[in-house]
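Please open the structure in your viewer and keep the selection tool at hand.

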Amino acid sequence: MSRLKYAVGLVAILGLTACGGGSPSSSEVAPSSGSGGASLEQIEVGVIPIVDVAPIYLGVKEGIFEKEGLELKLTPAQGGAAIVPAVTSGQMDFGFSNVTSMIVGRSKGLPLKMMAPGGSTTGDTKADFASVMTKPDSGIKDIAGLAGHKVGVNTLNNISDSTISEAVKQAGGDYKSIHFVEMAFPDMTAQLAKGNVDAIAAVEPFVTMSEADGNVPVFSNYAEPVKDLTVAVYFSTDQYVAEHPETAAKFVRAMKASQQYAQENPEKVKAILPEYTTLKPEVIEKLTLPTYNTEVNAASIQQVADISLDRGLIDKKPDMDKLLPTD
């Protein structure tokens, strides 16, 4: 890839954040696996302090990565705007980001490669870890009712606004009349209360917090319109995978095992959240967790790419075979 093409792609991706950027977080450095023995290979993974990444913390704590001979340095970041360039520059080995940012980045020439799934939708439009919330007296009763209203999203031209507009389109509403307003997740409920927006696209823990303030869900834009959506992934680069195939394979195996462990032990997921976030126990207890699948749903990624193309987020679809996991 030419230096100019790479630079253009990097600039484009800097404006994209993974879902959940801005969630309450701990300022402490994440724990590493093992005891730092010479037999363990050290790798660095960029993560975001949200419920989506609980499996990787559990995998470290339960020795899943150590069993593969890996010692992880988990580096918290506010979002993909910091993680993507760190991975593409070789500063980090792997990172976490939402799938739309991956599609956009690859379309701009960045050598991004999905390795393993992160959080996925529960598939329940009324009980998911993401929800479009509104005030009970807003008059917005269904998906199509979002047409003509202001909707707060954490990042413009990304996974939230594109999936919401597609859901409204499929519901027969005038999706082009929606006015999306960019704001940080922690600010959304206050902006909704002030009337600066008519609805917000929230993710946990902000869904639970918004409900506590009396707001009501309209639907989950992760559960609908894309079926069984893989929302976020762990990724690396073509170069890293080519140069470190065995390490990449170990990471994928351990990550999938960690995802399965988290899915089977939701109480342990909630128990580990205080170790890397500042969420209060009463909020954690009420959280709706993502589904932690062991495989990326390629069909859902293809559909997100189609939506991204239709909405003008990308000029053309990237080579999806190069972007999607090899296995």
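Which residues have the most contacts inside the largest nonpolar core? Select Val45, Ile56, Phe65, Leu72, Tyr234 and Phe251: these have the most contacts inside that core, which has 84 residues. A nonpolar core is a set of buried Ala, Val, Leu, Ile, Met, Phe, Trp, Tyr and Cys residues joined through side-chain atoms within 4.5 Å; buried means under 20% relative accessible area (1.4 Å probe, protein chains only). The largest share of this core, seven residues, comes from α10. Apart from it lies another core of 16 residues, including Ile143, Val151, Val168 and Ile178.

This is a predicted model, in which local features need pLDDT of at least 70 and side-chain atom pairs count only at pLDDT 80 or more, while totals for chains, interfaces and linings use all residues. Residues are numbered from 1 along each chain as its sequence is written, and side-chain values use heavy atoms, with hydrogens and water left out.

Next, select helix α2, residues 54–61. Helices are DSSP runs (H or I, at least four residues), as are strands (E, at least two), numbered from the N terminus. Seven of the eight residues of α2 are buried, so this helix is largely enclosed by the rest of the structure. Its buried residues pack against β1 (41–47), α3 (64–67), β2 (70–76), β10 (232–237), α10 (245–264) and α11 (266–272). Just after α2, select glycine 63, which takes a positive phi of about 80°.

Finally, colour by pLDDT, the predictor's confidence in each residue, from 0 to 100. The protein averages 90, and 88% of the residues score at least 70. Over residues 1–18, however, the pLDDT is below 50.

Key
Buried < 20%, exposed > 50% of the residue type's maximum accessible area, 1.4 Å probe, protein only. Contact = heavy atoms within 4.5 Å.
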